[in-house]
Amino acid sequence: MAQQDGLELPPHLPEHRTTTMERGRFCRAECTCGWRGPARRARSQARTDAQRHAAD
């Protein structure tokens, strides 16, 4: 079953709303702009991917 863990971004970046999606043992960050991060085993790394994406 997939789980979502929403990451709220500062209001000045509303076009970048990221979440993490879990599939089995892997977690991946996704953004409303269409960006998708790589599959990771660590949720913390997927969250870091999302934060780095939003900062660009």
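**View 1. Gly37 and the residues it touches.** Setting aside neighbours within four places in sequence, Gly37 is in contact (heavy atoms within 4.5 Å) with Arg28 and Ala29. You'll find Gly37 in the loop between strand 3 and helix 1; helices (H or I, at least four residues) and strands (E, at least two) are DSSP runs, numbered from the N terminus. Is Gly37 buried or exposed? Gly37 is buried, and its relative accessible area is 8%. The cut-offs here: buried is under 20% relative accessible area, exposed is over 50%, and partly exposed is in between (1.4 Å probe, protein chains only). From Gly37 to Thr48 it's 11 residues in sequence and 10.0 Å in space, C-alpha to C-alpha. A word on the model itself: it is predicted, so local features need pLDDT of at least 70 and side-chain atom pairs count only at pLDDT 80 or more, while totals for chains, interfaces and linings use all residues. Residues are numbered from 1 along each chain as its sequence is written, and side-chain values use heavy atoms, with hydrogens and water left out.

View 2. The protein chain has 1 helix and 3 strands, and starting from the N terminus the order is β-β-β-α. Of its 56 residues, 29% count as buried. Its accessible surface (Shrake-Rupley method, 1.4 Å probe; for residues, only the protein chains shown count as cover) is about 4,100 Å², with 47% of that belonging to carbon and sulfur atoms. Among contacts with a separation of 6 or more, 13% are between residues 24 or more positions apart.

View 3. The mean pLDDT (the predictor's confidence in each residue, from 0 to 100) of the protein chain is 83, and 75% of the residues reach 70 or more. Which elements sit at the two ends of the scale? Confidence is lowest in strand 1 (residues 4-7), with a mean of 57, and highest in strand 3 (residues 26-31), at 96.

**View 4. Helix 1 and its two faces.** Helix 1 takes in residues 43-55, 13 residues in total, and spans 19 Å from its first C-alpha to its last, close to the 18 Å expected at 1.5 Å a residue; that expected span is 1.5 Å times one less than the number of residues. Buried in this helix are Ala46, Asp49, Ala50, His53 and Ala54. They cover an arc of only 130° around the axis, so they sit on the same side of helix 1; the arc is that of the directions from the helix axis to the C-beta atoms. On the face turned away from the buried side are the exposed residues Arg52 and Ala55.

**View 5. His53 and its contacts.** His53 lies in helix 1 and is buried, at a relative accessible area of 12%. Which residues does His53 touch, not counting residues up to four places away in sequence? They are His16, Thr18, Cys31, Cys33 and Trp35.

**View 6. Two residues of strand 2.** Glu22 belongs to strand 2 (residues 18-23) and counts as buried at 13% relative accessibility. Its side chain makes a polar contact with the side chain of Arg43, at 2.4 Å. A polar contact is a pair of N or O atoms within 3.5 Å; within protein, one must be able to donate a hydrogen and the other to accept it, and residues adjacent in sequence count only if both atoms are side-chain atoms. Thr19 is also found in strand 2, but Thr19 is partly exposed, at 24%. Thr19 and Arg47 are 28 residues apart in sequence, yet 8.1 Å apart in space, C-alpha to C-alpha.
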